[in-house]
Amino acid sequence: MNTELLQHTWGLRPKCCPTCGAPKFKCPVFVDTTTGEAFAEGVALDLTPKVLQILEAIARAYPRGVSKDALLRHVWPEREFSSQTSALLNQHIHRVRRELLRKGLSVRVWTVHGAGYALNFGDRP
């Protein structure tokens, strides 16, 4: 998939992408935490609210990554950073990855060592 197209068609829109007008089920990644909806490559994802928040933050950062600290502040602003919250984040990242694999999708959440997490649509080595 074309990277320029991805940069303006990924979701986070209530109904469709305002740039290209694509319906939510045609955006490479679409997350609406208010309705609890998430789609990747047109396929509905079954994710918990916290996992949706994590996918939303990672998708918003595309094509850049998002740090663990930023994810922790976004999803659990009331918690102090600790090994326990880091482990909780890792469990939730695993849930996103497992759902994407379970659905047979090519979109992936990559670990960017020393930086956090980023989406990959098969357009990066």
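This report describes the fold, helix packing and salt bridges of a predicted model.

## Overall fold

The protein chain contains four helices and five strands. In sequence order these elements give the pattern α-β-β-β-α-α-α-β-β.

Of the 125 residues in the protein chain, 42% count as buried. The accessible surface of the protein chain comes to about 6800 Å², and carbon and sulfur atoms account for 53% of that surface. Among contacts between residues at least 6 apart in sequence, 41% join residues at least 24 apart.

## Helix 2 against helix 4

Two packed helices are described by the angle between their axes and the distance between the axes. For helix 2 and helix 4 the angle is about 80°, and the axes are 9 Å apart. Angles of 65 to 115 degrees count as roughly perpendicular, so helix 2 and helix 4 are roughly perpendicular to each other.

On the helix 2 side, the contact is made by Lys50, Val51, Ile54, Leu55 and Ile58. Helix 4 contributes Leu89, His92, Ile93, Arg95 and Val96. By class, this contact has seven nonpolar residues, one polar residue and two charged residues.

## Helix 3 against helix 4

Helix 3 spans residues 68–75. Helix 3 packs on helix 4 at an angle of about 90°, with the two axes 11 Å apart. That angle makes helix 3 roughly perpendicular to helix 4.

Lys68, Leu71 and Leu72 form the helix 3 side of the contact. The residues from helix 4 are Thr85, Ser86, Leu89, Asn90 and Ile93. The residues of this contact divide into four nonpolar, three polar and one charged. Leu89 and Ile93 of helix 4 take part here, and Leu89 and Ile93 are also listed in the contact with helix 2.

## Salt bridge in helix 2

A search of the whole structure finds three salt bridges. One of them joins the side chains of Glu56 and Arg60, with an N to O distance of 3.1 Å. Helix 2 covers residues 49–61. Glu56 and Arg60 are four residues apart in helix 2, which means that about one helical turn separates them.

The two partners fall into separate accessibility classes under the cut-off of 20% for buried residues. Glu56 has a relative accessibility of 9%, so Glu56 counts as buried. Arg60, at 48%, counts as partly exposed.

The side chains of Glu99 and Arg102 meet in a salt bridge, at 2.9 Å from N to O. Both residues belong to helix 4, which spans residues 83–102. Glu99 and Arg102 are three residues apart, so they are separated by about one helical turn.

Glu99 also forms a salt bridge with the side chain of Lys103, and here the N to O distance is 3.6 Å.

Which accessibility class does Glu99 fall into, buried or exposed? At 5% relative accessibility, Glu99 counts as buried. Arg102 has a relative accessible area of 56% and is exposed, while Lys103, at 30%, is partly exposed.

Conventions
Residues numbered from 1 in each chain as written. Predicted model: local features only at pLDDT ≥ 70, side-chain atom pairs only at ≥ 80, totals over all residues. Heavy atoms only, no water. Salt bridge = Lys/Arg side-chain N within 4 Å of Asp/Glu carboxyl O. Helix = DSSP H or I, 4+ residues; strand = E, 2+ residues; numbered from the N terminus. Buried < 20%, exposed > 50% of the residue type's maximum accessible area, 1.4 Å probe, protein only. Contact = heavy atoms within 4.5 Å. Areas by Shrake-Rupley, 256 points an atom, 1.4 Å probe, with all protein chains shown as cover. Axes fitted to C-alpha atoms, helices over the stretch in contact; angles between N-to-C directions. Parallel < 35°, antiparallel > 145°, perpendicular 65-115°, else oblique. Nonpolar A, V, L, I, M, F, W, Y, C, P; charged D, E, K, R; others polar.
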